[in-house]
Number of protein chains: 2
Amino acid sequence: MADDALVIFTPSGKRGRFALGTPVLTAARKLGVDLDSVCGGRGICSKCQITPGYGEFPKHGVTVSHEALSEWNAVEARYKRIRGLIDGRRLGCQAKIQGDVVIDVPPESQVHRQVIRKSATARKILMDPATRLYYIEVAEPDMDEPTGDFQRVVAALREQWQIADATIDIGLLRRLQPVLRKGEWKITVAIHRDHHGTTRVIDLWPGFFEGQLYGLAIDLGSTTIAAHLCNLTDGSVVVSSGLMNPQIRFGEDLMSRVSYVMMNEGGDVEMTSAIRTALNGVAQAVAIEAEVDPKLIVETVFVCNPIMHHLLLGIDPVELGQAPFALATSDSLSLGAADLELTSINPNAQIYILPCIAGHVGADCAAVALSEQPDKSEDMVLIVDVGTNAELLLGNKDRVMACSSPTGPAFEGAQISAGQRAAPGAIERVEIDPVTKEPRFRVIGSDLWSDDPAFAAATAQTGVTGICGSGIIEVIAEMRMAGLVDASGLIGSAAQTGTRRCIPTGRTNSYVLFDGTEAGGPLITVTQGDVRAIQLGKSALYAGARLLMDQLGIDKVDRVVLAGAFGAHISPKHAMVLGMIPDCRLDKVTSAGNAAGTGARIALCNVASRASIEKVVKRIHKVETAIAPGFQEHFVAANAIPHATDPFPELAAVISLPDISFNTHNAETGTGGHRRRRG
Amino acid sequence: MADDALVIFTPSGKRGRFALGTPVLTAARKLGVDLDSVCGGRGICSKCQITPGYGEFPKHGVTVSHEALSEWNAVEARYKRIRGLIDGRRLGCQAKIQGDVVIDVPPESQVHRQVIRKSATARKILMDPATRLYYIEVAEPDMDEPTGDFQRVVAALREQWQIADATIDIGLLRRLQPVLRKGEWKITVAIHRDHHGTTRVIDLWPGFFEGQLYGLAIDLGSTTIAAHLCNLTDGSVVVSSGLMNPQIRFGEDLMSRVSYVMMNEGGDVEMTSAIRTALNGVAQAVAIEAEVDPKLIVETVFVCNPIMHHLLLGIDPVELGQAPFALATSDSLSLGAADLELTSINPNAQIYILPCIAGHVGADCAAVALSEQPDKSEDMVLIVDVGTNAELLLGNKDRVMACSSPTGPAFEGAQISAGQRAAPGAIERVEIDPVTKEPRFRVIGSDLWSDDPAFAAATAQTGVTGICGSGIIEVIAEMRMAGLVDASGLIGSAAQTGTRRCIPTGRTNSYVLFDGTEAGGPLITVTQGDVRAIQLGKSALYAGARLLMDQLGIDKVDRVVLAGAFGAHISPKHAMVLGMIPDCRLDKVTSAGNAAGTGARIALCNVASRASIEKVVKRIHKVETAIAPGFQEHFVAANAIPHATDPFPELAAVISLPDISFNTHNAETGTGGHRRRRG
């Protein structure tokens, strides 16, 4: 009988021969198999669960007998009795190799497991968190060899986990001696290892700590703060929460906040304080909702635009409000919770803020790049993150360009006569019959169209309250397709369009989308001003894309990714009818959902991704729309629907737009269009 | 004519050939000559002053003509006019090489200059501070290559000073943008580079900053806080200040402070707060006295015993009060001012705390080792730092041992009937005539002996108030030499000694050192209890030294260094008569003054010394007196004056002690002596 045996691990396929009696965990470590353990093989943590396979494995050329592993032992029995263990599972640190064996490592036992995301198009996250738990046995103090208790903790980490040079904050050092003695020199430590090689003790508990560690991925938008509480072991999003950015009271859009700072002594301090208070609140709220001790939140990743970035850091953003839009700092930041006054999470929690790309293209755009990886794309991809400003990334594995385009707040429903934020009751989808010119629509909160007999009942609670960002794009695109709006953007009169829904409003016309006045509800119309606001926004967005295409010397993109919470709701067809995005096959226009938030989650769950996005960002070439000569030209040319200069053959293959002009019939307003085109 | 020339620098002797027209500063840098510059050769800072030599230099084999350097230029003229320049001096960045030349670098122009200390025995400090000023010109922001302002500062430091990877605290980052713009992209930065390779921007100023940087070396004793404000350019001590440790109100000695913590919930927090408040006060006081902006104090080095170390850090010292005397942390600490709530100095000031050697042997002892360098000694040296506890270092370049000995507070004048702190009016020197048994003495504040006719007038202001630590040692040693005290430590009666100054006090005798009662002053006596207290302290000190000698297997030391503020005042002869220290030639007993404070100053002024003392400390072998079996034996044997067992031939060669015993005449008290000897 041989004194060693063949061990094959699945799914990795790694294999090797080991002396009989070797614990499975030891064999896995020697082969570099990804098998978790917090207690270091002491039968305490149960993270190293494995499933041995028995019988014939022709693929691996091995037959596994039922004696291939040592017998079920007392440690395993006790664990199963107290905590439960799935049938067929063994603890890798207890089961010893007795013969040739095939051992499967289930996903839960892998440190670097992949997290399946709900959205089908989204890529997976490979778990590799910066902060993990380690159980250690610390040497007791010895008067003949006097060293500090912390130095013996460092030695235990080095000897038991090969973790070198751990440091500790003096606040936590205060707690070390009692915890060591309470745990009788056995403790669990949370260790944070960043991508620069710094190793920190973040927290410690006496004995074996049963809990889990959590992190926050926060997308700090001008309007909304979205926070995702993630389990740092399996990457799951435990709770997501969104709240309004409280800075809105200082100004709706970013530039008005910069103005506030310029006009008000200490205005930046007020805004920094407001955002930090809100962040503490949201951290507490998600922890309560998830029934998680907020002190177990040991990491936070932020993504945000440059102005929010500076205001979060407490830096006066005034330089970002004027050319040359200089950032105080552009690199990524690794901070402690105290640096940002985040008092509601673990006091030693580590903060990571992604790098900014330029004064107008922030860490949020870097997060989109991390999520969507244009730098790894084989085909030429345009990624558009639509928010109050639009950030654009264009490129492929050879080169990536970025710019920001001042689309204004119209796409978010602001500065639109009946505009409102995306909330129940807001019109989000619209169809207009090209023959009757009659609309039907859906509102947020109901799946029914407005021409469904059950619609009124289904929306009784919310009512129909206004039009949200995606709704305004759809209705104007539908108006164009139905011949209610001409190529210059003019809304026709009732006489010109043949529908009494077109009503005069001052010297221009409006389209009545919903008349709820009889029931005491609102009159929801699309005005000429609304069309102009959307035209300005879409021209800016399109001009930005064209500017990047010019820089790359291309006149066509292979695919378009719409990112941002708003991007998730835009109908690609309608966006292209309006000419928001360059011509592209409709099936090549996809939504990435909240890609910035996803990027934050990736950076939270995978520490190596931080180094990689930092490298990518340094290679992204930035174009400043404010000084690029081509931008203004493209902007003017993009005003029409469809554009004056650019052909849209891919779009034309699907949709034909009526060749109409209302100019002659309403010279005064039409001139406005002309005047803008000349600008 | 050659197109290059020979350049010889003195005092380094470095030489090389350089193209004509090369600035002297450039030549110095290429040769690695230690020539200072803050502005990087821009003719602003004047740190690179040099003195060219003209004429024959036979030693160097060169003749220097008066045309060897370019002519005095406008920059130099302007500098001389405004700031003044010593005749014969040139600015190294302005003067260009035109022919063979000998150039002297005066000490003020050397970065690594040596600081001459006042005390003749003390070694020199080589200047190599962690924090220095650098003048840089920063690239302006460029929209085509958008990087953060701080990233361009980092680039300037790398390109202009070869300083890589500078980091900045976000508090300071807030000030960066306005300072850059105010200085029109020229700024001066204070850079701290520690011995672990971390590089931090500590502060910044628009344009060229004319000021100097300062550091504090603080010896944080149980009783006294001594702070030295040092100029970080030339190492000079600008102001020294001492104040009482405010923790004294929680307990005179360290163990009573530990007891206070154990008995009072939050007692450690109170004490930490008291010491930090005092530190802020002393920092402010020295800055005001020196007329220095406290924000220019950019570094602080602390040395202290382990309990003060923990209380400074805010760590409960309870473990240090009981075996096994475990430190929370023993390694050196690099912290920020905020970590210790030092709000009165620069908010980004860096703190360095020397490593502790053991639970009883602190960072103060490490500082003594740094100052006195037993690890580099050729002969066997015993270093005794006498304070409330005594720390001992024994060894040579082969091996160094350390221990702490519980001498008690008697050496500081506490627990002595007429004892007092060293202050004007305290008796510090004593002589007793062996024939008449009459004493004469000197008090702090006057150079006159008490038998001088002018003494009364000279001390009229202070009076004679008590006996300080060095005085009590002298008087008891003198009493022993004059036959007033026998070998067991008993004070004889008037009948036994033949002097009426020996008076009965209860069942024992006292010696009247000074009777001021007629003038309403004090009666200052030395009681039997005083002799016993000193016997206990000296036995502990001697036993510690013997324990270390046993460990090294030696029975003789080559020399003894007395350290500590108190050590500076001890008379070696009297210390040896008492048997405080092992037998040694009297001329081999020296005082190192406040060696712990000197060690702190060295660590402050020379960053490389931090790495070196950390290495030395790791090699020092510690002996715990509390568990060493030999200690108790040595302690008991050392009670007598001279010792019962150890021969003192070196002492006997100088002084003979009367062979007397008062036991038979005063059996009751004598038994006390016997009893102790048996203990």
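Colleague: Which strands of chain B does helix 12 lie across?

Modeller: This is a predicted model, to start with. Helix 12 of chain B lies across strand 20, strand 21 and strand 22 of chain B. The helix runs at about 155° to strand 22 of chain B, which covers 399–405.

Colleague: How many of the 25 residues of helix 12 of chain B are buried?

Modeller: 19 of the 25 residues are buried, so helix 12 of chain B is largely enclosed by the rest of the structure.

Colleague: And how far apart are the end C-alpha atoms of helix 12 of chain B, against what the helix should span?

Modeller: The ends of helix 12 of chain B, residues 528–552, are 36 Å apart, and at 1.5 Å a residue the helix should span 36 Å, which agrees.

Colleague: What follows helix 12 of chain B?

Modeller: G553(B) comes after it, with a positive phi near 70°.

Colleague: Back to the strands. What's the strand order in that six-stranded sheet of chain B?

Modeller: The order is 30-29-20-21-22-31 in chain B, in an open sheet with mixed pairing. Strand 30 (589–593) and strand 31 (621–622) of chain B are at the edges with a single partner strand each, so one side of each has no neighbour in the sheet.

Colleague: In which sense do strand 20 and strand 21 of chain B pair?

Modeller: Antiparallel, over six bridges, with strand 20 of chain B at residues 381–386 and strand 21 of chain B at residues 390–396. If you want a spot to look at, V381(B) stands opposite G395(B) in strand 21 of chain B.

Colleague: New topic. How many residues sit between strand 23 and strand 24 of chain B in their hairpin?

Modeller: Six residues lie between them. Strand 23 (residues 426–432) and strand 24 of chain B run antiparallel and are joined by five bridges. R429(B) has R442(B) in strand 24 of chain B as its bridge partner. Strand 24 of chain B, residues 439–443, is mostly covered, with four of its five residues buried.

Colleague: Which residue in the turn has a positive phi?

Modeller: K437(B) does, at about 65°, although K437(B) is not a glycine.

Colleague: Is K437(B) buried or exposed?

Modeller: K437(B) counts as buried, because it has 20 C-beta neighbours inside 10 Å.

Colleague: What about Q162(A), buried or exposed?

Modeller: Q162(A) is exposed, with 7 other C-beta atoms within 10 Å. Its phi is positive too, near 55°, in a residue other than glycine. You'll find Q162(A) in the loop between helix 3 (149–161) and strand 11 (167–168) of chain A.

Colleague: Now the two chains. What rotation superposes chain B on chain A?

Modeller: A rotation of 180° with 0.0 Å of shift along its axis, giving an RMSD of 0.1 Å. The two copies are thus related as by a two-fold rotation axis.

Colleague: How many residues does each chain put into the contact?

Modeller: Chain B gives 35 residues and chain A gives 35 residues. On the chain B side, helix 4 of chain B supplies the largest share, five residues. Also, 100% of the interface residues of chain B are interface residues in chain A as well, so the copies meet through the same surface.

Colleague: I keep clicking on G359(B). Which residues does it touch?

Modeller: Leaving out residues up to four places away in sequence, G359(B) touches P146(A), P306(B), L320(B), F325(B), A326(B) and L327(B). G359(B) and P306(B) are 53 residues apart in sequence, but their C-alpha atoms are 6.2 Å apart in space. G359(B) is buried, with 28 other C-beta atoms within 10 Å, and lies in the loop between strand 19 (350–353) and helix 8 (363–372) of chain B.

Colleague: Last one: what are the domains of chain A?

Modeller: Domain 1 is 4–109, domain 2 is 130–206, domain 3 is 214–353, domain 4 is 373–408 + 534–674, and domain 5 is 410–532. The C-alpha centres of domain 3 and domain 5 of chain A lie 36 Å apart.

How values were computed
Residues are numbered from 1 along each chain as its sequence is written. Chains are lettered from A and ligands numbered from 1 in the order in which they are written. This is a predicted model: local features need pLDDT of at least 70, side-chain atom pairs count only at pLDDT 80 or more; totals for chains, interfaces and linings use all residues. Copies are superposed by least squares on the C-alpha atoms of residues with pLDDT of at least 70 in both. Two residues are in contact if their C-beta atoms, placed from the backbone, lie within 7 Å. Helices (H or I, at least four residues) and strands (E, at least two) are DSSP runs, numbered from the N terminus. The expected span of a helix is 1.5 Å times one less than its number of residues. A residue is buried if 20 or more other C-beta atoms lie within 10 Å of its own, exposed if 12 or fewer, and partly exposed in between; C-beta atoms are placed from the backbone. Domain bounds come from an automatic or database domain assignment. Two strands pair if DSSP finds at least two bridges between them. Axes are lines fitted to C-alpha atoms, for helices over the stretch in contact, and angles run from 0 to 180 degrees between N-to-C directions.
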